[in-house]
Amino acid sequence: MRATVDRPGLDNQGRTPLIKIRRVRKGDLSKVRDVLEQAFGDFFERQMGTRPRQVFNGAQYVHHRWLMEPWGCFVAEEGDGKIVGAALAVMWGTLGLVGPVAVLTNYQNQDIGQQLLTACKPMDRREIVQATRPAKPGLGVRRYSSLEEAKKKAAMQRVRRITNALYRGMDVGKEVEIVDGLALGDTLLLEKGRDVIGFAIVHMPGVSEAPHGSVYIKFLAIEPHHRKPEHLHALLGAVEEMAHAAQLQRVVAPVYTYYWAAYQSLLERGYHPDFTMVRMKRGKQDDDERPDDLVLDDWR
Ligand SMILES: CC(C)(COP(=O)(O)OP(=O)(O)OC[C@H]1O[C@@H](n2cnc3c(N)ncnc32)[C@H](O)[C@@H]1OP(=O)(O)O)[C@@H](O)C(=O)NCCC(=O)NCCS
């Protein structure tokens, strides 16, 4: 039986073909240019009744943009390797621009444009934040899992001292041990010189409390004498590095808005509210919590 294709964009059984969105490679550049010129040529022809001889009047968009921002250039490729759509995006520091976006006329209205835009959207916030907030010298981050047993004990004592200083008697040692013992993630220790001045218990997705595709900060605290937003930023930066290394796009951080300084730091860093919950406490408010405590904790 002879295969019939009633129109490009549909396979011989009338189904939408599989379209893959991928980054532009060097060999695609002239095809990407053709796709842009064809799609815009058709568009101008529909709008104005005549097709311009040169769609962009000789302007070139593809080659140098790809050299400048290769991770922002995407194509939509049909199963047989034909390029049917393209999108270019560029970061100007903290500002992201998307366009041009084009899909060949016969392939339009099949969600390909949307898929291209979605590919352009995830911005690497880590790079942006690193550019605007360089790490402070003298601070270092070490993973609890990388320490020898004797050093783990000393680190644990330091962790206990930090939580005890924040809220007398509070001890999250069990949380650190279970994450280490079951390899649920890791505990990051923020060091200033040889002193541990903060820590973050971090869950990675799989069998931990981290939601699918996200890194989750179970508990984070900075020692009260070192209550400086730059210390919180250093730990958050290390958590984001951990997420990046695991190819995870999302970091989930619980924040009690009474801890105003911590909440502000998260907003400055580009975090945004996902959902809100109410924290109910019984008894009189005492001095154990201060709005400038740099703590991220989740009481669920
Ligand atoms: C715009 C374009 C990329 C959309 O591609 P696509 O694969 O058809 O997009 P999708 O199927 O994902 O989405 C189609 C939607 O885009 C809308 N759309 C398409 N062209 C549009 C235009 N010029 N203005 C407003 N909306 C438009 C459609 O109405 C449809 O909306 P709906 O989902 O609400 O019905 C494609 O039409 C194209 O290449 N156009 C010519 C070049 C161009 O104008 N590019 C955009 C400026 S850079």
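Predicted model: local features only at pLDDT ≥ 70, side-chain atom pairs only at ≥ 80, totals over all residues.
Colleague: In what order do the four strands of the open sheet stand?

Modeller: Strands of a sheet pair through backbone hydrogen bonds, either parallel or antiparallel. Here the pairing is antiparallel. The four strands form an open sheet, and their order is β1-β2-β3-β4.

Colleague: Which strands stand at the edges, and why is one side of each left without a neighbour?

Modeller: Look for strands with a single partner strand. Each of these has one partner, so one side is left without a neighbour in the sheet. From one strand to the next, the twist averages 20°. The edge strands are β1 (19-23) and β4 (95-103).

Colleague: Which residue of β3 is the bridge partner of Ala76?

Modeller: Start with the strands: β2 covers residues 73-78 and β3 covers residues 83-92. They pair in the antiparallel sense over five bridges. In β3, the bridge partner of Ala76 is Gly85.

Colleague: How many bridges join β3 to β4?

Modeller: These two strands run antiparallel. The number of bridges joining β3 to β4 is seven.

Colleague: Which strands does helix α3 touch as it packs on the sheet?

Modeller: Helix α3 spans residues 112-120. Its direction makes about 30° with that of β3. Its buried residues pack against the sheet strands. Helix α3 touches β1, β2, β3 and β4.

Colleague: What are the buried residues of α3, and why do they line one face of the helix?

Modeller: Look down the axis of α3. The buried residues fall within an arc of 80°, so they line one face of the helix. They are Ile112, Leu116 and Cys120.

Colleague: Which element gives the largest share of the shell around the ligand?

Modeller: There are 15 residues around the ligand. Val103, Gln108, Ile112, Gly113 and Gln114 come nearest. The elements giving two or more residues to the shell are α1, β4 and α3. The largest share, five residues, comes from β4.

Colleague: By class, how many residues of the shell around the ligand are nonpolar?

Modeller: Six residues of the shell are polar. One is charged. The nonpolar residues number eight.

Key: Residues numbered from 1 in each chain as written. Pairing = 2+ DSSP bridges. Axes fitted to C-alpha atoms, helices over the stretch in contact; angles between N-to-C directions. Contact = placed C-beta atoms within 7 Å. Near = placed C-beta within 6 Å. Nonpolar A, V, L, I, M, F, W, Y, C, P; charged D, E, K, R; others polar. Buried ≥ 20, exposed ≤ 12 C-beta atoms within 10 Å, placed from the backbone. Arc of directions from axis to C-beta.
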